[in-house]
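Hello,

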Amino acid sequence: MLGSHGFMKTHKWRDSIGASINVEASGTAGPDLVCQSGPGSWPSEVYAESAVYPMAHSAAQDIFPVIPGDTDYRIFSQDHGNIPSLDIIFLLGGYYYHTSYDTLDKLLPGSLQARGDNLLSILKAFTNSSKLQSARERESKAVTNDYKDERAVFFDYLSWFLIFYSRRVAVVLHSIPIVIFFVMPFLLHFWDPRSRSCFAIFYDFVKGMLFHAAGIILAIIFPIILSILQLFFSNYALIWFAHPYLAFLMFIPCSLVGLLIPRTVWDCFPLSQDVSVIKKSEEALAEEARFWGAFGFYACLTSAYLVAGLSGGFLTFAVSASMLPAWIFFSLSIKSSDHQSLRSAVFYVIPLIPCLAYSVYFGGFLTQFLIEKMGMMGAVPPPYGYYVPDVVVAATVGVVTGWCVGPLIPVCSHWLARFSILQLLSHVSVLALALSSQFFPYSNAAPKRVVFQHTLVTTDVNRIVDSSYEFSVVDSNSLLFLFKYAPEVAKELHIGQELSFETANMSHRETWMGIFPVSLMFSQSLKFPARSDGILKRYRYFPHLSNYKPHNVSSDKSRRIYLEFYLGDLKEVWVAVLNITGPLSSWSFADNMLPAPETVDGGPPSYILRLSGNSQRNWTFWLEVKFCS
């Protein structure tokens, strides 16, 4: 990002760029995912028309801002360029990301070929597009409507083809399900006005929706409870990290139990419609209420996405849109067979197969990605931090299970919500829970990440005040876990069996400022003494900060201090993080614009800047503080 920032601030080509494609990797394997597109809908539209192996989800744009990471896409498309851009990322194989295991042999065969085919086709499409404009042309036209359409909806279907439509189309399309849900009681009343009240019909629909919502909630809660129980009986967290199938084996069966439980108590809550005066059986009315209730649940979620201005509404819209032909097929089949026959259930399922296939594809991809990333998502402080990754994965599996199986529940729950099936699912979860204790969280293919830093505190240009090793981890299995299962590390650091966080020297977060903001992901870091003899032999002079001319005070009572940074024997600095603590009013960096300040444990504000460069000459800068009377 330093390079992209420098390019956009200084390079002569910066105003001639018509579009940018940022190629990233968050793992070692494809397929590529377009996770960000903008400003406007034009970049994603070009991708939809030209990608050979399309994989893109506009829902990723809703999630990306909360992920603790960033890409060059932000520099080009938002901060310094307003350039129409695509952000394309390898997502799978994240076990090796940013480790010494991230080698060429880990690339899946065909991944780079697919990326090359996509990029060549997309580049040609961008080049030949009539909407390709330089920075001056974009400004002179005051940004066309195409660039203003910020929230286009796009998603691929099994990487076969990409579906794309604008925000304006989405407003109309995604509003249809909720309209159908509210209109349907009046239509049913119109077809049978003497015996059916539209208010009673709507009340039953709401009942069906609440039952379906309860099933989805229980499908999430049951895996969470199981994950917490597993941590009570296990010596470590992330038991599924190196064995993702364990997460599916443990959490899917109990999630299905939660999803089906509301069906078992349905009969305890009578319908509002009077069966004695309606020419339909009670079972037929119950199925109707359950179906339209589930349909209304997905319609409401689609509308919520729309109102929030998010782009992920296509996920629930696809479910509700697929349920309508399924219900039509089911209604036609029951004219010649029983409501609870296998034939009618099959007729209901067949139209749902394309939607279910997509749900399994997307949900499985999302879960696998999340499992791989749990090994580097940060160590939340205890005691609750120990449970966070397992709870997150369990909840995600529950959401995916509810999304994949939920549309089947209104009709197929008669077959699934039987005591014998619920008992079998419960036994499978318990068996998987018992088996999981025999597995270790990590392996050669899925290693544990440990952050190691040699910290030197210097004064003047050639004196070392303190030398130490700093250790930290970025998942919920703490350093005590590391020293227990990697005794050679403990031996090298002269650590005994009695080590605990209460007696050990803790490493403060400020020590890790050199890798800010990654340092925010650490907790319970430890510090151990280290020798400095080798450093003194290698470097005669250390980096040093000093005044290069007297400070001055202006008429508005602001004091400006002039500083010079001497790099010593360092030939270059890849990343230098300047952390200035105090109430700054201005500085000489970043066009004199201060960033939002950071605070550590309620302390004073800190302004953080990342620099890089060589030692051909010293770095000079000024800081300004304004004193209030």
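Below are some notes on what was found, from the whole chain down to single residues.

Please keep in mind that this is a predicted model, in which local features need pLDDT of at least 70, side-chain atom pairs count only at pLDDT 80 or more, and totals for chains, interfaces and linings use all residues. Residues are numbered from 1 along each chain as its sequence is written, and side-chain values use heavy atoms, with hydrogens and water left out.

**The whole chain**

The secondary structure of the protein chain comes to 21 helices and 14 strands. These are DSSP runs numbered from the N terminus, with helices being H or I of at least four residues and strands being E of at least two. Taken along the principal axes, the C-alpha atoms fill a box of roughly 95 × 70 × 60 Å. Of the 629 residues, 47% count as buried. Here, buried means under 20% relative accessible area, exposed means over 50%, and partly exposed is in between, with a 1.4 Å probe and protein chains only. Among contacts (heavy atoms within 4.5 Å) with a separation of 6 or more, 75% are between residues 24 or more positions apart.

**The cores**

A nonpolar core is a set of buried Ala, Val, Leu, Ile, Met, Phe, Trp, Tyr and Cys residues joined through side-chain atoms within 4.5 Å. The largest one has 51 residues, and F314, M323, Y348 and Y358 have the most contacts inside it. Leaving aside neighbours within four places in sequence, Y358 is in contact with H57, F155, D156, Y157, L158, F314, L315 and W403. Another core lies apart from it, with 27 residues, among them L231, Y236, L246 and I371.

**Helices that pack together**

Helix α17 covers residues 409-416, and I409, P410, V411, C412 and S413 are buried in it. Which helices do the buried residues of α17 pack against? They are α10 (198-233), α11 (244-264), α12 (282-307), α13 (314-333), α14 (342-349) and α16 (388-405).

Two packed helices are described by the angle between their axes and the distance between the axes. For helix α9 (residues 176-191) and α12, the angle is about 150° and the axes are 7 Å apart. The axes are lines fitted to C-alpha atoms, for helices over the stretch in contact, and angles run from 0 to 180 degrees between N-to-C directions. Angles under 35 degrees count as roughly parallel, over 145 as roughly antiparallel, 65 to 115 as roughly perpendicular and the rest as oblique, so α9 and α12 are roughly antiparallel to each other. From α9, the contact is made by P177, I178, I180, F181, M184 and L188, while α12 brings E288, W292, F295, G296, A299, C300 and S303.

S468 is found in strand β7 (residues 463-473), and it counts as buried because its relative accessibility is 2%. The side chains of S468 and E470 are joined by a polar contact of 2.7 Å. That term means a pair of N or O atoms within 3.5 Å; within protein, one must be able to donate a hydrogen and the other to accept it, and residues adjacent in sequence count only if both atoms are side-chain atoms.

L526 is found in strand β8 and is buried at 1% relative accessibility. Not counting residues up to four places away in sequence, L526 touches several residues, including Y469, E470, F471, A504 and M506. L526 and M506 are 20 residues apart along the chain, yet their C-alpha atoms are separated by 4.5 Å.

A504 sits in the loop between α20 (487-492) and β8 (526-529). Is A504 buried or exposed? With a relative accessible area of 14%, A504 is buried.

**Backbone details to look at**

The peptide bond from G38 to P39 is cis, with omega near -10°, and P39 lies in the loop between β2 (29-38) and α2 (42-50). L238, in the loop between α10 and α11, has a positive phi near 60° although this residue is not a glycine. L238 is buried, with a relative accessible area of 0%. Q524 also has a positive phi, near 55°, and lies in the loop between α20 and β8. Q524 is partly exposed, at 28%.

Enjoy exploring!
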